[in-house]
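Subject: Structure handover

Hi,

Here is the structure I promised to pass on. Have it open while you read, and my notes follow below.

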Amino acid sequence: MKITRRHILATISAATVLVTSAMAQAADAVRIGLPTKTYWPTTIAETAVRQKLFEKEGIKAELTIYRGGAETFEAMAAGAADVILDATSLVSAGRKKGVNSKVLANAAMGYYGWQLMTLSKSTLAVNDLKGKKVAITSAGSGSDLLALWTQQDKKIEFTRVPVGGGGLVPNLLAGNVDAAVVYSPLSFQISKSGEARTILDFSKEVPPNLAAGWIALDKYVQDKPQLVQKTLNALYGALMFMRANKDASVKLITELYEIPAEIAALEYENTILKLETDGSMDGPKITEQLQLALDMAKAGGMKDLGPAAEIISTQFKPVPTKF
């Protein structure tokens, strides 16, 4: 075949289109880091995917589930995740170590569904945990923070054993630990089954504070502000979808985590409906509630935490994607 100048120009044009398309796709993709499976941030992000809310915002989302909050934060620091859901105290601790990130959107003002649990047959109370082993997901995680808070508040010392998010319940039920800091809906499930019982309900015992938020590195926000805004829109759109569609949401929770519908309904009522719908990080209440979270972390033993004002970003306000 004779190669003409027209053929060459057409080939170059086609290649340019492919390269441009690939670059556009890469620029419009966001990697979302989630602290562990069977936890409400995963439910929210999965809802956004299944309801095609990221697509409606014109972006693609890649979800990655880690073994705990500390591992999720490390992934963001290493550049493996772009936007994460995590404990706000990690942002302050990270900033002191050169990991410059901020809380972009308020997600939860409490530890809904989190419980300190022991086996049902055990006679242990909270004050009996002195010298015992208590399972957490990982050092620096939300479960670790609550374990540290328990030690400080109850004036007891026990050994915190990191077992990963997927290891909390198996290690508790196997008797490898004496108690575990368990998040919902797992806490609801093993309580309902009669396998374990609650000896401290963190949703009631811990004073309200800005416990968890959506987070990103400063540089990522600077480089891709529109992508961050669209990501937050889709995530808060998912939350609004769940609030408006109980049956579909309970069904999704049931399918995602392979749990009975009645446990999924407990998760919906006691966790999903209590999450922050506004997401705004603006106003004196936010600073006060975030400072309470940092003070609680300090009381639990975390060091080198800066003031709340250092880690607040008011650049974004989620505009929930319509479903």
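This is a predicted model: local features need pLDDT of at least 70, side-chain atom pairs count only at pLDDT 80 or more; totals for chains, interfaces and linings use all residues.

Searching the whole structure turns up 7 aromatic pairs, where rings of Phe, Tyr and Trp (its six-membered ring) pair if their centres lie within 6.5 Å, and planes under 30 degrees apart count as stacked, over 60 as edge-to-face and the rest as tilted. Take Trp114 and Tyr183: their ring centres are 5.7 Å apart and the planes sit at 55 degrees, so this pair is tilted. Trp114 is in the loop between β4 (101-108) and β5, while Tyr183 is in the loop between β8 and α8 (186-192), so the pair ties together parts 69 residues apart in sequence. Helices here (H or I, at least four residues) and strands (E, at least two) are DSSP runs, numbered from the N terminus.

Residues are numbered from 1 along each chain as its sequence is written, and side-chain values use heavy atoms, with hydrogens and water left out.

After α2 comes Lys52, with a positive phi near 60 degrees.

Now the sheet. Its 5 strands run in the order β7-β6-β8-β5-β9, open and with mixed pairing; two strands pair if DSSP finds at least two bridges between them. β7 (159-162) and β9 (196-201) are the edge strands with a single partner each, so one side of each has no neighbour in the sheet. On average, neighbouring strands are turned by 30 degrees against each other, direction ignored. Helix α6 (residues 142-154) packs on this sheet, touching β5, β6 (133-136), β7, β8 (179-182) and β9, and its direction makes about 175 degrees with that of β7. Contact means heavy atoms within 4.5 Å. Axes are lines fitted to C-alpha atoms, for helices over the stretch in contact, and angles run from 0 to 180 degrees between N-to-C directions.

Have a look at β5 (residues 115-119), which pairs with β9 in the antiparallel sense over 5 bridges. Leu119 stands opposite Ala196, and Leu116 opposite Leu200. β5 also pairs antiparallel with β8, over 3 bridges, with Met117 opposite Ala180. Of the 5 residues in β5, 5 are buried, so the strand is largely enclosed by the rest of the structure.

Last stop: the axes of α11 (residues 225-244) and α12 (residues 246-257) come within 5 Å and cross at roughly 110 degrees. Phe241, Met242 and Ala244 in α11 meet Lys246, Ala248, Ser249 and Ile253 in α12.

Cheers

Terms used. Buried means under 20% relative accessible area, exposed over 50%, partly exposed in between (1.4 Å probe, protein chains only).
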